[in-house]
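Visitor: I would like to learn how to read the features of a protein model. Could you take me through one, feature by feature?

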Amino acid sequence: MKATIIREPWIGEILAGRKTWEMRSRPVQTRGLIGLIRKGSGQVVATAILVDSPGPLDAETYAETVHLHGVPLDQQDSVIAQGWVYPWILENVQPLKPPVRYAHKGGVSWVRLDDQVAAMIMGRIGRHASSQAKFDSSTLTASTAGQIAVLAAPHDPSPVPPIVGIPAGMSRRVELTSGNLRHGHVYLRSIIDFFPSDAIGGSNKSGIAAKNLRVTFDPGGTIETDIAGDKGILRARGEILRRFFEDSGASPGDTVEIIRTGPYAYTFTLLPSRGP
C-alpha cells in the first residue's frame, strides 16, 4: 500500500473536509486507495481514494477552484511560479482513529507501507467502511463507489447500486463566476451529491459515465450529458450554456438554481442577484 506525505496546514484542511485537491508539482499515475501521512508525525492519519491528476492549471482555473484546493488568492501567483499546478483529486477521505504509526524508510512524496502497517489500516477502515459507503456513495464516481464496496464487503462481489433516490422537486444552488460565463460551464462539485453516482464520469471521453443526465435550461434547450468528475462540470455544455447565460442575462454573482425533475432529469434556471 502506498501513502503520500502532506504537510500542515493542508493535511488538516483535508481531514476537515475543506480541501479535496492536493496540489503538487507533477501529475501522478497512481489511482485507488492510498494512505495520507501528516508530515513529521510518523503516522498515517487517514486514507483516501485518489481518483485523478489533471492539469497543469492556469492562473484563471487556479483562482476559480480555490474552494477545492484552498490556496488563498494572494498566494496563488507564488505557488504557480513554484510549479504546484497539478491537483491530486481525493475522494472519501477517512480519518484513522487512532492513526497508524509506520517506519519511514525514505521517500519524499510517496512511502511504501509494509504489509503489517497496511493490514492495520485495512482493519481500521474495514470496521467503518460499510456505514461510510452507504452514507457517502452519492458523492463518489462509480469506480470509487465500487472500491469502497470491496472494502465494506470483501466477500460479496456485487457492485454498489447507483444512488438515485433524491426526491423530484428538490433543488440546489450554485453561484456563477466570471470564468463560468466566459467558458460556458457551471461548477457542480460543491453539490455533486445531488446527482446519481453512475452519471459522474472521468476526466475525458474515455471515462464517460454509465448514465447520462437530461438537463433542461430555462430559458434554452435540453441536452443529455454526464458530469466530468475531475472538474465537476457538465461534459456536453459549451454553446447551449452560453446561450442560457445570454438569454437569461446572467452576470457574475448570480445564482443558478438546479431543480431535480426526475431520477436523471434536472432543470437549470437563473436567480439574478442584482436589484431592480
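**Reading the model**

Guide: Let us start with a pair of residues: isoleucine 5 stands opposite isoleucine 37 in strand 3. Keep in mind that this is a predicted model.

Visitor: In which sense do strand 1 and strand 3 pair, and over how many bridges?

Guide: Strands of a sheet pair through backbone hydrogen bonds, either parallel or antiparallel. Here strand 1 (residues 2-6) pairs with strand 3 in the parallel sense, over four bridges. Strand 3 also runs antiparallel to strand 4 (residues 43-52), to which seven bridges join it. Isoleucine 37 has valine 44 as its bridge partner in strand 4.

Visitor: What do strand 3 and strand 4 form, and how many residues lie between them?

Guide: They form a hairpin with four residues between them, and glycine 40 in the turn has a positive phi of about 85 degrees. As for strand 3 (residues 32-38) itself, five of its seven residues are buried, so it is largely enclosed by the rest of the structure.

Visitor: Now the aromatic rings. How many aromatic pairs are there?

Guide: A pair of aromatic rings is described by the distance of the centres and the angle of the planes. The count here comes to seven aromatic pairs. One of them joins phenylalanine 194 and tyrosine 266, with 5.5 Å centre to centre and 70 degrees between the planes, an edge-to-face arrangement. This pair links distant parts of the chain, 72 residues apart: phenylalanine 194 is in the loop between helix 7 (178-183) and strand 8, and tyrosine 266 is in strand 14 (residues 265-271). Both phenylalanine 194 and tyrosine 266 are buried.

Visitor: Why is the pair of phenylalanine 244 and phenylalanine 245 called tilted?

Guide: The ring centres of phenylalanine 244 and phenylalanine 245 are 5.8 Å apart and the planes are at 45 degrees, so the pair is tilted. These two residues are buried, and ring pairs link Phe217, Phe244, Phe245 and Phe268 into a cluster.

Visitor: Where do the charged end of arginine 24 and lysine 2 sit?

Guide: The charged end of arginine 24 is over the ring of tryptophan 88, 4.4 Å from its centre. Lysine 2 lies over the face of tryptophan 110, at 4.5 Å from the ring centre.

Visitor: What about the nonpolar cores? How many residues does the largest have?

Guide: In soluble globular proteins, nonpolar side chains tend to be buried together. The largest nonpolar core here has 26 residues, and Leu188, Phe195, Phe217, Ile258 and Phe268 have the most contacts inside it. Strand 9 (213-218), helix 8 (239-248), strand 13 (255-262) and strand 14 are the elements that give two or more residues to this core. Helix 8 provides the largest share, four residues. There is also a second, separate core of 24 residues, with Ala46, Ala48, Tyr86 and Leu90 among them.

Visitor: Is glycine 184 buried or exposed?

Guide: Glycine 184 has 0% relative accessibility and so counts as buried. Its place is in the loop between helix 7 and strand 8. Beyond its neighbours within four places in sequence, glycine 184 is in contact with Arg237, Gly238, Leu241, Arg242 and Phe245. From glycine 184 to arginine 237 the C-alpha to C-alpha distance is 6.7 Å, although they are 53 residues apart in sequence.

Visitor: Which residues does a cis peptide bond join?

Guide: Most residues other than glycine have a negative phi, and most peptide bonds are trans. A cis peptide bond joins lysine 97 and proline 98, with omega about -5 degrees; proline 98 is in strand 5 (residues 86-101). Another cis bond joins aspartate 218 and proline 219, with omega about 5 degrees. Strand 5 also holds asparagine 92, whose phi is positive, near 50 degrees.

Key
Residues numbered from 1 in each chain as written. Predicted model: local features only at pLDDT ≥ 70, side-chain atom pairs only at ≥ 80, totals over all residues. Heavy atoms only, no water. Phe/Tyr/Trp six-rings, centres within 6.5 Å; stacked < 30°, edge-to-face > 60°. Buried < 20%, exposed > 50% of the residue type's maximum accessible area, 1.4 Å probe, protein only. Lys NZ or Arg CZ within 6 Å of the ring centre and 35° of its normal. Core = buried A, V, L, I, M, F, W, Y, C linked by side-chain atoms within 4.5 Å. Contact = heavy atoms within 4.5 Å. Pairing = 2+ DSSP bridges.
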